[in-house]
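What follows is a walk through one chain and the ligands placed with it. Have the sequence and the model open while reading.

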Amino acid sequence: MSRTMQGWILLTGVAVILFTILINAHSTGPQVAKPALPEVPEWPWEAPDTAAIPQTETGKLIRYGRDLIVKTAHYLGPQGIVQPISNGMNCQNCHLDAGTRPWGNNYGAVATTYPRYRDRSGMVESVEKRINDCLQRSLNGKALDSNSRELKAMVAYIKWVGSEVQANKKPLGVGISNLPYLDRPADSTQGAFVYAQYCQRCHGNDGQGLSDSLQHAGYLYPPLWGAHSYNTGAGLYRLSRLAGYVRDNMPYDEAFHCRPVLTDEEAWDVAAYINARARPAKPFPKDWPDISTKPVDHPFGPFSDTFSTQQHKFGPFKPIETQKKKAKT
Ligand code: HEC
Ligand code: HEC
């Protein structure tokens, strides 16, 4: 028998003995609960690879749609080559990475959830209607004709982005985070300090942003208030949407959902500072036909509760929520 052979037999023997001891220890000892498995982090939703967009007519439309979302200003901005119908911002300014970034206000769930009923309009909304909502509010502009190639292209792209999402399953990282409410009103004076420390270097000392002089369209850093920003009917004009978006994504070069830079409190305060500044006012009198469905932070009356406009704008929101819940039961 060679030496290596002997060695192997010895090793196998030791292994068998050790194994038997272990098994016995397990079966004779007290029945303890299995230790909990380490928690496997759930992966956020991931968009399909753009390289997988087919080389077909439909693929062409999808790619055009993506381009419209990335470079909206080039096509639809004040000097837009298709139609000058929006304020110079790009969809991507708010829907990061062309609407694919987890927690970056992505389009992951649009394909599976639209058409859907929305309280804001009181009707079933198509993807087309939802896109036009953002054009009229977030981009402070005009709606696209539903037969236009541009609207069809954006719809095609957004549906493609969500094409691998299972119906009835909300993917992780979709939409904007809901931050816990503060027990006090959000404080725009505190928010001014947060702005100066964390935001001003990019968005400018007067929130005006910085034009993209290389692309000759859109912004390197988009405006946060003033004439070229989103209007008062936009989603970000609701404090909770702005605070959640900012906490997870800003400062742009440093913050992520799992590693935010601002505390929740700082996010609420800087949101208050931004939404207290002047911006285009655009009334949408047909919004919230049933006023009892207005979200707590929708800052325009009439309200179905007794709280002031000021409180609906800056909080504290908890008391409003409590009263709303009571009214329902
Ligand atoms: C100023 C920021 C901003 C810009 C610019 C913007 N959006 Fe939005 N968009 C939002 C916010 C905020 C929401 C609502 C998110 C929420 O409430 O969770 C939203 C929602 C949407 C939704 C619905 C998402 C869902 O899951 O229900 C679609 C679709 C959409 N936007 C498309 C667009 C398109 C296309 C453009 C460009 C033409 C655009 N948006 C530009 C801020 C913006
Ligand atoms: C390093 C530069 C940088 C800093 C610092 C920064 N941002 Fe941004 N911000 C950006 C860029 C770039 C975008 C647009 C992203 C895109 O188009 O992909 C953006 C987009 C936004 C948007 C959505 C678009 C709009 O203009 O309404 C908001 C809101 C925002 N930032 C708020 C903030 C706040 C609040 C802070 C400070 C806490 C901040 N940002 C800090 C670069 C920055």
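Is Ala-98 buried or exposed? The model is predicted, and in it Ala-98 has 23 other C-beta atoms within 10 Å. The cut-off for a buried residue is 20 or more, so Ala-98 is buried. Ala-98 sits in helix H5, and its phi is near 55°, a positive value in a residue other than glycine. Trp-103 also has a positive phi, about 60°, although it is not a glycine. Trp-103 belongs to the loop between H5 and helix H6 (110–113), and 24 C-beta neighbours inside 10 Å make it count as buried.

The chain as a whole gives the setting for these residues. It has 14 helices and 4 strands. Of its 329 residues, 38% are buried. Among contacts between residues at least 6 apart in sequence, 64% join residues at least 24 apart.

How do H11 and H12 pack against each other, and at what angle do they cross? The axes of H11 (residues 239–249) and H12 (residues 264–275) come within 8 Å and cross at roughly 125°. The two helices are therefore oblique to each other, and their crossing is right-handed. On the H11 side the contact is made by Leu-239, Leu-242, Ala-243, Val-246 and Arg-247. On the H12 side the residues include Trp-268, Val-270, Ala-271 and Ile-274, with Asp-264 and Asn-275 also taking part. By class, this contact has 10 nonpolar, 1 polar and 2 charged residues. An α-helix has 3.6 residues a turn, so residues three or four places apart point the same way.

In total 24 residues surround ligand 2, the closest being Cys-199, Cys-202, Pro-222, Pro-251 and Tyr-252. The shell divides into 18 nonpolar, 4 polar and 2 charged residues.

Helix H4 (91–94) gives two or more residues to the shell around ligand 1 as well, as do helix H7 (127–136) and helix H8 (149–161). H7 gives the most, with 4 residues. Around ligand 1 there are 26 residues, and the closest are Cys-91, Cys-94, Cys-134, Ser-138 and Gly-235. By class they are 17 nonpolar, 7 polar and 2 charged.

Some loop residues remain. Gly-122 lies between strand S1 (116–118) and strand S2 (123–125). It counts as partly exposed because it has 14 C-beta neighbours inside 10 Å. Leaving aside neighbours within four places in sequence, Gly-122 is in contact with Pro-289 and Asp-290. Gly-122 and Asp-290 are 168 residues apart in sequence, yet 7.4 Å apart in space, C-alpha to C-alpha.

Cis peptide bonds also occur in loops. One joins Gly-301 and Pro-302, with omega about 0°, and Pro-302 lies in the loop between H12 and H13. Another joins Gly-315 and Pro-316, again with omega about 0°. Pro-316 is in the loop between H13 and helix H14 (318–328).

Definitions and conventions:
Residues numbered from 1 in each chain as written. Chains lettered and ligands numbered in written order. Predicted model: local features only at pLDDT ≥ 70, side-chain atom pairs only at ≥ 80, totals over all residues. Axes fitted to C-alpha atoms, helices over the stretch in contact; angles between N-to-C directions. Parallel < 35°, antiparallel > 145°, perpendicular 65-115°, else oblique. Left-handed = near helix turned anticlockwise from the far one by under 90°. Contact = placed C-beta atoms within 7 Å. Nonpolar A, V, L, I, M, F, W, Y, C, P; charged D, E, K, R; others polar. Near = placed C-beta within 6 Å. Buried ≥ 20, exposed ≤ 12 C-beta atoms within 10 Å, placed from the backbone.
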